[in-house]
Amino acid sequence: MLKVPYGRLSEPQKLDCLNWPSWPYKPDVEFRIGYDDSGIHLEYTVDERSVRALQDTPGGEVYEDSCVEFFFRPSADDPHYYNFEWNAIGIMYLAWRTGRQDPEKAPAEVLSSVETESSLGSVPFAEKPSDGPWTLKVDIHMEAFWKGGLPFKDGKPSLRGLQAWANFYKCGDGLAVPHFVTWAPISTENPDYHRPEFFGRLEFE
(Lines give C-alpha, C1' and ligand atoms only; values in the text may rest on other atoms or scores of the structure.)
Protein backbone atom coordinates (compact mmCIF):
# COMPACT_ATOMS: atom_id res chain seq x y z
CA MET A 1 0.00 0.00 0.00
CA LEU A 2 1.17 3.52 -0.80
CA LYS A 3 0.04 6.46 1.31
CA VAL A 4 -0.58 9.58 -0.77
CA PRO A 5 0.25 12.70 1.28
CA TYR A 6 -1.81 15.88 1.24
CA GLY A 7 -0.10 19.11 0.22
CA ARG A 8 3.23 17.57 -0.70
CA LEU A 9 4.75 14.75 -2.73
CA SER A 10 5.62 11.34 -1.36
CA GLU A 11 9.10 9.94 -1.08
CA PRO A 12 10.36 8.52 -4.41
CA GLN A 13 8.81 5.18 -5.36
CA LYS A 14 10.67 2.81 -7.68
CA LEU A 15 9.26 1.14 -10.76
CA ASP A 16 11.34 -2.00 -10.51
CA CYS A 17 9.10 -4.93 -11.44
CA LEU A 18 10.25 -6.80 -14.54
CA ASN A 19 7.34 -9.16 -15.07
CA TRP A 20 8.20 -10.58 -18.51
CA PRO A 21 11.60 -12.28 -19.10
CA SER A 22 11.44 -11.74 -22.87
CA TRP A 23 11.80 -7.99 -22.21
CA PRO A 24 14.71 -7.80 -19.72
CA TYR A 25 15.75 -4.15 -20.13
CA LYS A 26 14.89 -2.06 -17.07
CA PRO A 27 15.40 1.72 -17.18
CA ASP A 28 15.82 3.48 -13.85
CA VAL A 29 12.40 5.00 -13.09
CA GLU A 30 10.84 6.49 -9.98
CA PHE A 31 7.79 8.59 -9.23
CA ARG A 32 6.45 10.78 -6.45
CA ILE A 33 2.74 11.36 -5.84
CA GLY A 34 0.71 13.75 -3.73
CA TYR A 35 -2.63 15.49 -3.77
CA ASP A 36 -4.57 18.51 -2.59
CA ASP A 37 -8.04 19.89 -3.18
CA SER A 38 -7.14 20.73 -6.79
CA GLY A 39 -6.27 17.15 -7.75
CA ILE A 40 -3.42 14.63 -7.99
CA HIS A 41 0.20 15.67 -8.57
CA LEU A 42 2.88 13.38 -10.01
CA GLU A 43 6.56 13.68 -10.76
CA TYR A 44 8.38 11.02 -12.76
CA THR A 45 12.16 10.75 -13.10
CA VAL A 46 13.42 8.48 -15.89
CA ASP A 47 16.96 7.44 -16.77
CA GLU A 48 16.91 5.28 -19.91
CA ARG A 49 19.30 4.23 -22.61
CA SER A 50 17.53 6.17 -25.37
CA VAL A 51 14.55 8.50 -25.49
CA ARG A 52 11.88 9.23 -28.10
CA ALA A 53 8.91 11.61 -28.31
CA LEU A 54 7.42 11.56 -31.81
CA GLN A 55 3.74 11.78 -30.88
CA ASP A 56 2.54 15.38 -30.75
CA THR A 57 -1.25 14.89 -30.77
CA PRO A 58 -3.15 14.53 -27.47
CA GLY A 59 -5.03 11.24 -27.42
CA GLY A 60 -2.52 9.60 -29.76
CA GLU A 61 -0.36 6.49 -29.34
CA VAL A 62 2.09 7.91 -26.82
CA TYR A 63 2.94 4.39 -25.57
CA GLU A 64 5.11 3.98 -28.70
CA ASP A 65 7.38 6.74 -27.35
CA SER A 66 9.28 6.93 -24.08
CA CYS A 67 6.16 6.82 -21.94
CA VAL A 68 5.08 6.86 -18.30
CA GLU A 69 1.58 5.83 -17.23
CA PHE A 70 -0.82 6.00 -14.28
CA PHE A 71 -3.88 3.72 -14.15
CA PHE A 72 -6.25 4.78 -11.38
CA ARG A 73 -9.36 2.95 -10.13
CA PRO A 74 -11.05 5.20 -7.56
CA SER A 75 -13.89 2.89 -6.45
CA ALA A 76 -14.16 -0.75 -5.38
CA ASP A 77 -17.79 -0.69 -6.49
CA ASP A 78 -17.02 0.22 -10.12
CA PRO A 79 -14.65 -1.79 -12.35
CA HIS A 80 -13.76 1.28 -14.44
CA TYR A 81 -10.39 2.96 -14.17
CA TYR A 82 -8.76 6.08 -15.57
CA ASN A 83 -5.95 5.33 -18.03
CA PHE A 84 -3.42 8.21 -18.05
CA GLU A 85 -0.37 8.02 -20.35
CA TRP A 86 2.28 10.66 -21.17
CA ASN A 87 5.25 10.63 -23.49
CA ALA A 88 8.55 12.31 -22.68
CA ILE A 89 7.33 15.77 -23.78
CA GLY A 90 4.05 15.52 -21.85
CA ILE A 91 1.63 14.63 -24.67
CA MET A 92 -1.23 12.76 -23.02
CA TYR A 93 -3.64 9.93 -23.71
CA LEU A 94 -6.58 9.60 -21.31
CA ALA A 95 -9.45 7.12 -21.32
CA TRP A 96 -12.07 5.59 -18.99
CA ARG A 97 -12.27 1.82 -19.32
CA THR A 98 -12.65 -1.58 -17.67
CA GLY A 99 -9.94 -3.35 -19.66
CA ARG A 100 -8.05 -3.34 -22.92
CA GLN A 101 -11.15 -3.25 -25.10
CA ASP A 102 -13.58 -0.38 -25.80
CA PRO A 103 -11.99 2.62 -24.07
CA GLU A 104 -13.97 5.84 -23.78
CA LYS A 105 -11.47 8.53 -24.71
CA ALA A 106 -11.51 11.85 -22.89
CA PRO A 107 -12.84 14.85 -24.84
CA ALA A 108 -10.54 17.78 -25.62
CA GLU A 109 -11.79 19.93 -22.76
CA VAL A 110 -10.91 17.16 -20.30
CA LEU A 111 -7.44 16.70 -21.77
CA SER A 112 -6.79 20.40 -21.21
CA SER A 113 -7.46 20.00 -17.49
CA VAL A 114 -4.14 18.15 -17.05
CA GLU A 115 -0.96 20.22 -16.99
CA THR A 116 2.48 18.79 -17.78
CA GLU A 117 6.02 20.11 -17.65
CA SER A 118 8.91 18.11 -19.11
CA SER A 119 12.62 18.74 -18.68
CA LEU A 120 12.91 17.78 -22.38
CA GLY A 121 10.66 20.62 -23.51
CA SER A 122 7.62 20.29 -25.76
CA VAL A 123 9.06 19.82 -29.28
CA PRO A 124 8.76 16.28 -30.75
CA PHE A 125 11.95 14.38 -31.59
CA ALA A 126 13.03 11.02 -32.99
CA GLU A 127 14.76 8.38 -30.88
CA LYS A 128 18.20 9.44 -29.69
CA PRO A 129 20.70 8.38 -27.02
CA SER A 130 19.78 9.78 -23.64
CA ASP A 131 22.13 12.31 -22.10
CA GLY A 132 20.84 11.77 -18.57
CA PRO A 133 17.63 11.52 -16.56
CA TRP A 134 14.52 13.39 -17.68
CA THR A 135 11.63 14.47 -15.51
CA LEU A 136 7.92 14.94 -16.11
CA LYS A 137 5.71 16.87 -13.71
CA VAL A 138 1.95 16.32 -13.98
CA ASP A 139 -0.96 18.14 -12.36
CA ILE A 140 -4.19 16.17 -12.78
CA HIS A 141 -6.93 18.62 -11.88
CA MET A 142 -10.23 17.30 -10.53
CA GLU A 143 -11.95 18.11 -13.84
CA ALA A 144 -9.91 15.30 -15.42
CA PHE A 145 -12.04 12.75 -13.56
CA TRP A 146 -14.89 13.51 -15.91
CA LYS A 147 -16.62 10.14 -15.50
CA GLY A 148 -16.89 10.41 -11.74
CA GLY A 149 -15.98 7.57 -9.42
CA LEU A 150 -14.85 9.82 -6.56
CA PRO A 151 -16.78 10.23 -3.30
CA PHE A 152 -18.45 13.57 -2.58
CA LYS A 153 -17.74 15.76 0.44
CA ASP A 154 -19.43 19.10 1.01
CA GLY A 155 -21.20 18.70 -2.32
CA LYS A 156 -18.14 18.19 -4.52
CA PRO A 157 -15.82 15.30 -5.44
CA SER A 158 -12.99 14.75 -3.00
CA LEU A 159 -9.86 12.61 -2.69
CA ARG A 160 -9.54 13.03 1.08
CA GLY A 161 -9.39 9.67 2.83
CA LEU A 162 -10.02 7.78 -0.41
CA GLN A 163 -9.02 4.11 -0.60
CA ALA A 164 -8.21 3.48 -4.26
CA TRP A 165 -6.25 1.15 -6.55
CA ALA A 166 -3.60 1.98 -9.14
CA ASN A 167 -0.52 0.96 -11.02
CA PHE A 168 2.34 3.00 -12.43
CA TYR A 169 4.22 2.05 -15.57
CA LYS A 170 7.11 2.86 -17.88
CA CYS A 171 7.12 1.58 -21.44
CA GLY A 172 8.52 2.29 -24.87
CA ASP A 173 6.87 -0.06 -27.34
CA GLY A 174 8.34 1.63 -30.41
CA LEU A 175 11.88 2.13 -29.14
CA ALA A 176 14.89 0.18 -30.42
CA VAL A 177 14.83 -1.71 -27.10
CA PRO A 178 11.18 -2.06 -26.03
CA HIS A 179 10.62 -2.30 -22.29
CA PHE A 180 7.78 -2.79 -19.81
CA VAL A 181 8.36 -1.90 -16.16
CA THR A 182 5.72 -1.65 -13.40
CA TRP A 183 5.28 -0.52 -9.80
CA ALA A 184 2.92 -3.33 -8.71
CA PRO A 185 3.76 -6.76 -10.16
CA ILE A 186 1.62 -8.30 -12.91
CA SER A 187 1.32 -12.06 -13.40
CA THR A 188 0.51 -12.53 -17.08
CA GLU A 189 2.30 -14.40 -19.85
CA ASN A 190 2.85 -11.30 -22.00
CA PRO A 191 2.99 -7.55 -21.26
CA ASP A 192 -0.48 -6.31 -20.39
CA TYR A 193 -0.98 -3.18 -18.31
CA HIS A 194 -4.78 -3.34 -18.55
CA ARG A 195 -5.15 -5.78 -15.68
CA PRO A 196 -6.79 -4.00 -12.75
CA GLU A 197 -6.79 -7.19 -10.70
CA PHE A 198 -3.08 -6.52 -10.16
CA PHE A 199 -3.41 -2.87 -9.14
CA GLY A 200 -1.80 -1.84 -5.88
CA ARG A 201 -3.53 0.01 -3.06
CA LEU A 202 -3.45 3.80 -2.62
CA GLU A 203 -4.52 5.50 0.59
CA PHE A 204 -5.11 9.26 0.36
CA GLU A 205 -4.25 10.77 3.74
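Which residues line the largest cavity? The structure is a predicted model, in which local features need pLDDT of at least 70 and side-chain atom pairs count only at pLDDT 80 or more, while totals for chains, interfaces and linings use all residues. Residues are numbered from 1 along each chain as its sequence is written, and side-chain values use heavy atoms, with hydrogens and water left out.

**View 1. The largest cavity and its lining.** Tyr25, Glu48, Arg49, Ser50, Glu127, Leu175, Val177 and His179 line the largest cavity. On a 1 Å grid over the protein atoms alone, a cavity is a set of points where a 1.4 Å probe fits but cannot get out, and lining residues have an atom within 4 Å of a point. The space in this cavity is about 40 Å³, a volume being the space filled by probe spheres set on grid points that are joined across faces, edges and corners. The count by this rule is 1 cavity of 30 Å³ or more. The lining comprises 3 nonpolar, 2 polar and 3 charged residues, where Ala, Val, Leu, Ile, Met, Phe, Trp, Tyr, Cys and Pro count as nonpolar, Asp, Glu, Lys and Arg as charged, and the others, Gly among them, as polar.

**View 2. The largest pocket.** A pocket is an open set of points with protein on both sides within 12 Å along at least five of seven lines. The largest pocket holds about 340 Å³ of space. Its lining has 19 residues, of which Tyr63, Glu69, Glu85, Arg100 and His194 are the closest to its centre. Strand 6 (67-73), strand 7 (81-87) and strand 8 (92-97) are the elements that each give two or more residues to this lining; strands (E, at least two residues) are DSSP runs, numbered from the N terminus. By class, 7 lining residues are nonpolar, 4 polar and 8 charged.

**View 3. The second largest pocket.** This pocket has a volume of about 200 Å³. Among its lining residues are Tyr35, Asp36, Asp37, Met142, Lys153 and Arg160. Two or more residues come from each of strand 3 (28-36) and strand 14 (156-157). The lining has 4 nonpolar, 1 polar and 6 charged residues.

**View 4. Strand 4 and its partners.** Of the 9 residues of strand 4 (residues 39-47), 7 are buried, so this strand is largely enclosed by the rest of the structure; buried means under 20% relative accessible area with a 1.4 Å probe, protein chains only. Strand 3 pairs with strand 4 in the antiparallel sense over 9 bridges, pairing requiring at least two DSSP bridges between the strands. These two strands form a hairpin with 2 residues between them, and glutamate 30 stands opposite threonine 45. Strand 4 is also joined by 8 bridges to strand 12 (residues 134-141), antiparallel to it, with valine 46 and tryptophan 134 as bridge partners.

**View 5. Strand 17 between two strands.** In strand 17 (residues 200-204), 4 of 5 residues are buried. Strand 1 (residues 2-4) runs parallel to strand 17 and is joined to it by 3 bridges, with valine 4 opposite phenylalanine 204. Strand 15 (residues 163-171) runs antiparallel to strand 17, with 4 bridges, and alanine 166 has glycine 200 as its bridge partner.

**View 6. Phenylalanine 70 in the nonpolar core.** The largest nonpolar core has 61 residues, and Phe70, Phe72, Phe84, Trp86, Ile140 and Phe168 touch the most other members. Such a core is a set of buried Ala, Val, Leu, Ile, Met, Phe, Trp, Tyr and Cys residues joined through side-chain atoms within 4.5 Å. Beyond its neighbours within four places in sequence, phenylalanine 70 is in contact (heavy atoms within 4.5 Å) with residues including Ile40, Leu42, Tyr82, Ala166 and Leu202.

Methods. Buried means under 20% relative accessible area, exposed over 50%, partly exposed in between (1.4 Å probe, protein chains only).
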